[in-house]
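Take a moment with the sequence and the model before reading on. Then follow the chain from its overall layout down to single side chains.

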Amino acid sequence: MTAVPYQTPPRRPAVKILTGVVVVLVVLLTAVTGYFVSADKAHREREDQLAVQVADGQRKVQEMQAEVAAAKAEAEAAKAQAANTSEGSDTNKVQQLNSCTDALKSVLGARSGADFAKAYKAMQELCKIAGIPLF
């Protein structure tokens with residue numbers, strides 16, 4: 001008896017279609033993975049930039065607080081001097097310094113960028129009148 005080789009049945013169209021779908025899905029999965037990896041890198045870079053901006057803002061706030069503390073000390077000294085003398089110019093200077101410190105408090109208490117910009121501009125004007133140069 002001679003052996004007859006077993007013939008494989010012809011592939012059906014569904015197998016070819018499913019193979020194509022699997023290949024397309026693998027390609028899409030690779031593309032989506034690449035996109036998310038690059039998006040994560042961009043996000044980290046943006047996060048680092050924002051961290052630098054926040055640190056710079058905190059440094060500026062500390063500088064302003066130091067200037068305000070100096071101005072407050074000057075105001076207290078002027079207030080004490082005003083108590084000893086009856087000159088109106090010293091009282092006016094104290095009022096100007098107090099308005100500058102009040103304006104700084106409103107800047108530090110600002111909740112949004114627009115509020116901050118408005119309060120900062122007002123503070124610059126009031127502190128300039130009081131003789132405290134800010135930036």
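The paragraphs below go from the whole chain to its core, its surface, its aromatic rings and its charged pairs.

Keep in mind that this is a predicted model. Begin with the secondary structure. The chain has 3 helices and 0 strands. Along the sequence, the pattern reads α-α-α. Helix 1 covers residues 13-84, helix 2 covers 88-108 and helix 3 covers 113-130.

Next, look at how the chain packs. It has 135 residues, and 16% of them are buried. The accessible surface comes to about 10700 Å². Carbon and sulfur atoms account for 62% of that surface.

Now go inside. In soluble globular proteins, nonpolar side chains tend to be buried together. What does the largest nonpolar core look like here? It holds 15 residues. L97, M123 and I132 have the most contacts inside this core. Helix 1, helix 2 and helix 3 each give at least two residues to it.

I17, V21, V24, L25 and L28 form a nonpolar patch on the surface. Together they have about 460 Å² of accessible area. Take V21 as one of them. V21 sits in helix 1. Is V21 buried, partly exposed or exposed? Its relative accessibility is 40%, so V21 counts as partly exposed.

Turn to the aromatic rings. A pair of rings is described by the distance of the centres and the angle of the planes. The whole structure contains 2 aromatic pairs. One of them joins Y35 and F36 in an edge-to-face arrangement. Their centres are 5.5 Å apart, with 65 degrees between the planes. Y35 and F36 are both exposed.

The other pair, F116 and Y120, is stacked. Here the centres lie 5.8 Å apart, and the planes are at 15 degrees. Both residues belong to helix 3. They are 4 residues apart, about one turn of the helix. Y120 has a relative accessible area of 18%, under the 20% limit, so it is buried.

Finish with the charges. Side chains of opposite charge can pair when their charged atoms come close. How many salt bridges are there? The count is 4. One of them links R44 and D40, with 2.9 Å from N to O. Both residues are in helix 1, 4 residues apart, about one turn of the helix. D40 is partly exposed, at 33% relative accessibility.

Further along helix 1, look at D56. Its side chain meets that of R59 in a salt bridge of 2.5 Å, N to O. R59 and D56 are 3 residues apart in helix 1, about one turn. D56 also forms a salt bridge with K60, where the closest N and O atoms are 3.8 Å apart. Why are K60 and D56 separated by about one helical turn? They are 4 residues apart in helix 1. Salt bridges that share partners join D56, R59, K60 and E63 into one network.

Where do these charged residues stand in exposure? D56 has a relative accessible area of 30% and is partly exposed. R59, at 38% relative accessibility, is partly exposed. K60 is partly exposed too, with a relative accessible area of 36%.

Notes: Residues numbered from 1 in each chain as written. Predicted model: local features only at pLDDT ≥ 70, side-chain atom pairs only at ≥ 80, totals over all residues. Heavy atoms only, no water. Buried < 20%, exposed > 50% of the residue type's maximum accessible area, 1.4 Å probe, protein only. Areas by Shrake-Rupley, 256 points an atom, 1.4 Å probe, with all protein chains shown as cover. Core = buried A, V, L, I, M, F, W, Y, C linked by side-chain atoms within 4.5 Å. Patch = residues over 30% accessible without salt bridge, like charges linked within 9 Å, V, L, I, M, F, W, Y side chains within 5 Å. Phe/Tyr/Trp six-rings, centres within 6.5 Å; stacked < 30°, edge-to-face > 60°.
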